[in-house]
Amino acid sequence: ISTPRFHITDIVKKASQIMGAAYIIADHTPRVATWYQIEKKELAIIQIGEAHKLRHAIEIIDMQKEMHQGNMAILSRVLLNDIRTCLDQKRMSVLFINNTGYANSIFCRSCGHIEKCPHCGVSLKYYNHDHSLHCHYCGYKIAALSRCPACGSDKIRHMGFGIDQLEEYLKRVFSGIRIGIVTG
């Protein structure tokens, strides 16, 4: 995987600003960030042709509010209820997550140190199956740390979640369900 990584709409936006031109995003399924910009009136929607009828509206959930309301889980209450409804109706749910591994990174709760790749400078992803840390840019790999290399503390925690943690969580919340993982 080459660096730097970028999303093409961000490049187009910057190029249009430099040139003083307008830009149009034509997409049936825009990014969550794009929906957020539309909600905040930072972007306008231009409807061309007939609007596709969606069964359910897209809803953006503030996970910080969820945490303040006592939900410390990785999924929102709304999403869990929707999955439960699908299961009750013998329907399938499909979740898309673009994070491999178990957690986005590990960090020290004592000093805040985040273990990073010595070559790329990005945080290393944690993999639970072999207790290792990986760089997805250059392939660097080390054993997971039990102590912080900066302060020596043993208060090492996971930050963020990946597909492996999501699978483990769903099996715990909805015992007995079948889960299929598709990676590309």
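At 30% relative accessibility, K13 counts as partly exposed. This value, like the others here, comes from a predicted model. K13 sits in helix α1. Beyond its neighbours within four places in sequence, K13 is in contact with Y23 and Q37. H68 is 55 residues away from K13 along the chain, and their C-alpha atoms are separated by 34 Å.

The length of α1 can be checked. At 1.5 Å a residue, its 12 residues should span 16 Å. The end C-alpha atoms are 16 Å apart, which agrees. Just after α1, G20 takes a positive phi of about 70 degrees.

## A nonpolar surface patch

F6, I8, I11 and V12 make a nonpolar surface patch of about 390 Å². F6 lies in the segment before α1, the helix of residues 8-19. F6 counts as exposed because its relative accessibility is 57%, and exposed means over 50%.

## Nonpolar cores

In soluble globular proteins, nonpolar side chains tend to be buried together. Here the largest nonpolar core has 11 residues. They are Y102, A103, I106, C108, C117, L124, Y126, L133, C135, C148 and I156.

Y102 belongs to the largest core. Leaving aside neighbours within four places in sequence, Y102 is in contact with Y126, Y127, N128, H158, G160, F161, G162, D164, Q165 and E168.

## Salt bridges

Side chains of opposite charge can pair when their charged atoms come close. The model has three salt bridges. In one of them, the side chains of K141 and D130 meet at 3.2 Å, N to O. K141 lies in strand β4 (residues 141-143), and D130 in the loop between β2 (125-127) and β3 (132-134), so the pair ties together parts that are 11 residues apart in sequence. K141 is partly exposed, with a relative accessible area of 46%. D130 is also partly exposed, at 30%.

E167 forms a salt bridge with K171, the closest N and O atoms being 3.3 Å apart. Both lie in helix α5 (residues 163-173), four residues apart, about one turn of the helix. E167 is partly exposed, at 21% relative accessible area. K171 is partly exposed too, at 44%.

The side chains of E168 and R172 meet in a salt bridge at 3.9 Å, N to O. E168 and R172 are four residues apart in α5, so about one helical turn separates them. E168 is partly exposed, at 34%, whereas R172 counts as exposed, at 57%.

Definitions and conventions. Residues are numbered from 1 along each chain as its sequence is written. This is a predicted model: local features need pLDDT of at least 70, side-chain atom pairs count only at pLDDT 80 or more; totals for chains, interfaces and linings use all residues. Side-chain values use heavy atoms; hydrogens and water are left out. Patches are made of residues with over 30% relative accessible area and no salt bridge: like charges are joined within 9 Å, nonpolar side chains (Val, Leu, Ile, Met, Phe, Trp, Tyr) within 5 Å. Accessible areas come from the Shrake-Rupley method with a 1.4 Å probe; for residues, only the protein chains shown count as cover. A salt bridge is a side-chain nitrogen of Lys or Arg within 4 Å of a carboxyl oxygen of Asp or Glu. Helices (H or I, at least four residues) and strands (E, at least two) are DSSP runs, numbered from the N terminus. Buried means under 20% relative accessible area, exposed over 50%, partly exposed in between (1.4 Å probe, protein chains only). A nonpolar core is a set of buried Ala, Val, Leu, Ile, Met, Phe, Trp, Tyr and Cys residues joined through side-chain atoms within 4.5 Å. Contact means heavy atoms within 4.5 Å. The expected span of a helix is 1.5 Å times one less than its number of residues.
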